[in-house]
Amino acid sequence: MTDILLDTQENTFFKNKSKLYLCRNNLEYLQQKIRIALSFQKGEWFTDSNIGLPYVPEFDMSKSDHRSLLTACIQSRVMAIDGIKKLLSFDTEYNDTERILYVSFMVNTVDGQEIEYKTTLNI
């Protein structure tokens, strides 16, 4: 599969001397798909308002049932990506004072490769 390679540091297209690059392999493509899937909030994508994670500003994220709801949404979104076969591990930690949810997980691809992914979500 191919996609334009993104620069994860600047959140822009990866380019060098005005040339755009494509993902070099399936693993890089899937890592990028995970990143994109977790970066949208529901209703934010103008062509399909169902894409993305639910926006939960009114929830008290210090409550475990609210975190469980968001965790289930994240897991479901990751597993819906073509090429992801199995969720191997999943962990979250919530920082109440900064309202940040730390998410880390490992998935197995259909090619038998493993992807370890860590991100933070500002809630």
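Predicted model: local features only at pLDDT ≥ 70, side-chain atom pairs only at ≥ 80, totals over all residues.

Trainee: At what angle does α2 run to β5?

Mentor: The angle is taken between N-to-C directions, on a scale from 0 to 180 degrees. For α2 and β5 the value is about 150°.

Trainee: What span does α2 reach, and what span is expected?

Mentor: Helix α2 has 16 residues, and the expectation rests on 1.5 Å a residue. From its first C-alpha to its last, α2 reaches 22 Å, close to the expected 22 Å.

Trainee: Why do the buried residues of α2 line one face of the helix?

Mentor: The buried residues in α2 are His-66, Leu-70, Thr-71, Ile-74 and Val-78. An α-helix has 3.6 residues a turn, so residues three or four places apart point the same way. What covers the buried residues of α2 includes β5, β6 and β7. Seen down the axis of α2, these residues line one face because they fall within an arc of 135°.

Trainee: In what order do the strands of the open sheet stand?

Mentor: The sheet has three strands with antiparallel pairing. Its edge strands are β5 (84-95) and β7 (114-122), each of which pairs on one side only. The twist from one strand to the next averages 15°. The order is therefore β5-β6-β7.

Trainee: How many bridges join β5 to β6?

Mentor: These two strands run antiparallel, and Thr-92 has Val-103 in β6 as its bridge partner. Their hairpin has four residues between the strands, and Arg-99 takes a positive phi near 55° there. The number of bridges joining β5 to β6 is 10.

Trainee: Which residue in β7 stands opposite Phe-105?

Mentor: Strands β6 and β7 pair in the antiparallel sense over nine bridges. The residue in β7 opposite Phe-105 is Tyr-117.

Trainee: What angle does the direction of helix α1 make with that of β7?

Mentor: Helix α1, residues 26-37, packs on the sheet and touches β5, β6 and β7. The angle between the direction of α1 and that of β7 is about 20°.

Trainee: Which residues have the most contacts inside the largest nonpolar core?

Mentor: This core has 20 residues. The elements that give two or more residues to the core are α1, α2, β5, β6 and β7. Val-107, one of the residues with the most contacts inside the core, touches residues including Ile-34, Val-78, Ile-84 and Ile-115. The residues asked for are Ile-34, Leu-38, Ile-74, Leu-101, Phe-105 and Val-107.

Trainee: Is Thr-109 buried or exposed?

Mentor: Thr-109 lies in strand β6, residues 100-109. Leaving aside residues up to four places away in sequence, Thr-109 touches Leu-30, Gly-83, Lys-85 and Ile-115. A residue counts as buried under 20% relative accessible area. Because its relative accessible area is 1%, Thr-109 is buried.

Trainee: In what sequence do the elements run from the N terminus?

Mentor: The protein has two helices and seven strands. From the N terminus on, the elements run β-β-β-β-α-α-β-β-β.

Trainee: What percentage of the residues of the protein count as buried?

Mentor: The protein has 123 residues. As for contacts between residues at least 6 apart in sequence, 38% join residues at least 24 apart. The share of residues that count as buried is 28%.

Conventions: Residues numbered from 1 in each chain as written. Heavy atoms only, no water. Buried < 20%, exposed > 50% of the residue type's maximum accessible area, 1.4 Å probe, protein only. Contact = heavy atoms within 4.5 Å. Core = buried A, V, L, I, M, F, W, Y, C linked by side-chain atoms within 4.5 Å. Expected span 1.5 Å × (residues − 1). Arc of directions from axis to C-beta.
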